[in-house]
Amino acid sequence: MAVLGAIEAGGTKFVCGIGNEHGEVLERASFPTTTPAETMENVIAFFEGKGIEALGVGSFGPIDPIEGSDTYGYITTTPKPHWGNYNLIGKLKEHFDVPMGFDTDVNGAALGESIWGAAKGLDNCLYITIGTGIGAGALVGGKLIHGLSHPEMGHILVRRHPEDTYEGTCPYHGDCLEGLAAGPALEKRWKVKGHELSVDHPAWEMEAYYLAQALMSYVLILSPQKIIMGGGVMKQNQLFPLIRTKLQELLNGYVQHSSLTTDIEQYIVSPGLGDNAGLCGALALAKEKLNH
């Protein structure tokens, strides 16, 4: 059984793990995301002497996941202080001479969910996280989507809720999906953290209004066989039925498929891998790299 290393590189913390090709996490540790020098020192120390045969990295972005590119392996235009244009894979390769898979954290999670989780056995699925930011990864025809770079589905434009006057948090676009519906937008609009709002607070109807619009776009463009929604905001379980109902209203019967009509509770779901979706996603990237 191959020994695989996994890194879920988040804007708040880096989670590192040792696992195997069955998606089992055998050892894990997490470190705060501070400066690259300090953070990577902890990461490298964790993997030293573990005998890893491949390493998968699912990272916050934007990143450059296109092999052959001059900046392959970099975190690129992130607003996170100190991490802009940082050569993450280059730093790891200084210490570990093993195959490395590199992608966004959400692309990795989509892959992991398709192998071991809620989308097991499916060739097409979408994984979206709603937390500090909003990002989504997609598996289409058994392959993760790449083109010029990687998908940035958190930054699509959505129609404003009629009662929403909040300007949005995104430093690039203001009131894009992330600017209106990520955790910081909830907090700044309502003046408290999302988990402090009651389950029947009007915030959740507004949140579902924005997220359902995004899902409508993804359904119409990518036609995923399963939509998996994770991240801190989606811990609010009352969001799921609101999103499902609003998506059905928006589609208005246009896509006639039982997944969207009678079986939508099994179509829009939480991660089958739970809080391990990101780390198992990185294991999946390592497994894919080792096998190819």
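Which residues touch the most other members of the largest nonpolar core? In this predicted model, they are L177, L211, M229 and I268, within a core of 38 residues. A nonpolar core is here a set of buried Ala, Val, Leu, Ile, Met, Phe, Trp, Tyr and Cys residues joined through side-chain atoms within 4.5 Å, where buried means under 20% relative accessible area, exposed over 50%, and partly exposed in between, with a 1.4 Å probe and protein chains only.

Because the model is predicted, local features need pLDDT of at least 70 and side-chain atom pairs count only at pLDDT 80 or more, whereas totals for chains, interfaces and linings use all residues. Residues are numbered from 1 along each chain as its sequence is written, and side-chain values use heavy atoms, with hydrogens and water left out.

**Overall form**

The secondary structure of the chain comes to eight helices and 12 strands, taken as DSSP runs (helices H or I of at least four residues, strands E of at least two) and numbered from the N terminus. For 292 residues a compact globule would have a radius of gyration near 19 Å, and the chain, at 19 Å, agrees with this; the radius is taken over C-alpha atoms, and the globule rule is 2.2 Å times the number of residues to the power 0.38. Along the principal axes, the C-alpha atoms fill a box of roughly 55 × 40 × 35 Å. Of the 292 residues, 51% count as buried. The accessible surface, from the Shrake-Rupley method with a 1.4 Å probe, comes to about 13,100 Å², and 51% of it belongs to carbon and sulfur atoms. Among contacts (heavy atoms within 4.5 Å) with a separation of 6 or more, 62% join residues 24 or more positions apart.

**The cores**

The core of 38 residues draws at least two residues from each of β8 (125-130), β9 (134-140), α4 (177-181), α6 (202-222), β11 (227-230) and α7 (239-251), and its largest share, 11 residues, comes from α6. Apart from this core lies another, of 27 residues, among them F14, F31, F60 and L88. M229, leaving aside residues up to four places away in sequence, touches I128, I130, L211, L215, M234, F240, I243, I268, V269, S270 and P271.

| Strands | Sense | Bridges | Residue pair |
|---|---|---|---|
| β1 (residues 4-9) and β4 | parallel | six bridges | A9 and S59 |
| β4 and β7 (residues 100-104) | parallel | five bridges | V57 and F102 |

**Helix α8**

Helix α8 (residues 277-291) has 15 residues and reaches 21 Å from its first C-alpha to its last, close to the 21 Å expected at 1.5 Å a residue, the expected span being 1.5 Å times one less than the number of residues. Its buried residues are A277, G278, L279, C280, G281, A282, L283, A284, L285 and A286.

Technical notes. Pairing = 2+ DSSP bridges.
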